Amino acid sequence: MGILLCILNPPSLNAYLVRYKEQFFKLYHLHYIQYPDDTMENIYWLERALKADFANPLYAMARIENEIQWEKYRYLFMMHVNLKLIEQYLFLGNKWNKRNAYFYNAPWKEQNLESLETAETCFRTALYYWKDAIEWGMKAQERRFRFINLTQVQFWEDEAARIENKSLDYEKIINRELALLQGVRERFQAMDENTY
């Protein structure tokens with residue numbers, strides 16, 4: 001009888017529509033082990049967060065009481081999402097990055113070179129997001145925001161300060177990774193049939 005009622009009168013299932021930056025950002029999460037699929041899923045949600053509209057200030061991730069706080073919140077949010085994208089692209093690039101060109105990998109030279117190419121693409125994409133993160137971080141650190149502190153997103157405030165005083169410099173990290181990658185690539189390219 002209960003099954004018949006469910007078939008004739010199905011219960012209403014309400015879907016949760018995701019449309020705002022904050023909602024997409026909440027879908028981003030870290031996994032204990034970062035498999036490439038997990039990282040690509042996070043990149044998808046974060047890129048969607050960049051493109052979406054902001055939710056009403058009532059639903060912001062920090063308490064917003066006036067227009068100046070709202071403006072600073074938006075700058076900090078955009079900076080933080082760009083920083084998370086950098087981290088995810090670095091995770092992804094490191095899945096394909098070879099740290100060393102061992103002689104016994106010579107039979108798979110071409111596959112290793114392709115892997116390095118994929119890693120380089122990931123690192124260069126992270127560099128693109130670093131430029132945006134700097135821009136948003138500097139906007140959030142403008143003089144008119146100096147005495148506005150959004151305590152619920154204090155970590156974002158700290159990130160903006162670290163970008164300003166250059167203690168957070170992903171460009172330096174990424175360039176170091178690219179230089180290491182180029183050295184490994186050159187060692188693979190120098191391999192021939194006598195290497196192994």
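In this predicted model, the count of aromatic pairs comes to 19. A pair of aromatic rings is described by the distance of the centres and the angle of the planes.

One of these pairs is formed by Phe-54 and Trp-70, whose rings lie 5.8 Å apart, centre to centre, with 75° between the planes, an edge-to-face arrangement. Phe-54 is located in the loop that runs between helix H3 (36–51) and helix H4 (67–96), whereas Trp-70 belongs to helix H4, so the pair ties together parts that are 16 residues apart in sequence. Phe-54 and Trp-70 are both buried.

A stacked arrangement is found for Tyr-89 and Tyr-129, because the planes of their rings are at 20°, under the 30 degrees required for stacking; the ring centres are 5.8 Å apart. Tyr-89 is part of helix H4 and Tyr-129 of helix H5 (residues 109–140), so this contact ties together parts that are 40 residues apart in sequence. Tyr-89 and Tyr-129 are likewise buried.

Beyond individual pairs, one aromatic cluster is formed by Phe-25, Tyr-28, Phe-54, Trp-70, Tyr-73, Phe-77 and Trp-156. The edge-to-face pair of Phe-54 and Trp-70 thus has both of its members in this cluster.

Lysine side chains are also placed over aromatic rings. Lys-21 lies over the face of Phe-54, at 5.1 Å from the ring centre. Phe-54 therefore has Lys-21 over its face, within the 6 Å limit for a charge over a ring, and is paired with Trp-70. In a further case, Lys-139 is positioned over the face of Trp-136, at a distance of 4.6 Å from the ring centre.

Note on methods. Residues are numbered from 1 along each chain as its sequence is written. This is a predicted model: local features need pLDDT of at least 70, side-chain atom pairs count only at pLDDT 80 or more; totals for chains, interfaces and linings use all residues. Side-chain values use heavy atoms; hydrogens and water are left out. Rings of Phe, Tyr and Trp (its six-membered ring) pair if their centres lie within 6.5 Å; planes under 30 degrees apart count as stacked, over 60 as edge-to-face and the rest as tilted. Helices (H or I, at least four residues) and strands (E, at least two) are DSSP runs, numbered from the N terminus. Buried means under 20% relative accessible area, exposed over 50%, partly exposed in between (1.4 Å probe, protein chains only). A charge sits over a ring if NZ of Lys or CZ of Arg is within 6 Å of the ring centre and within 35 degrees of the ring normal.
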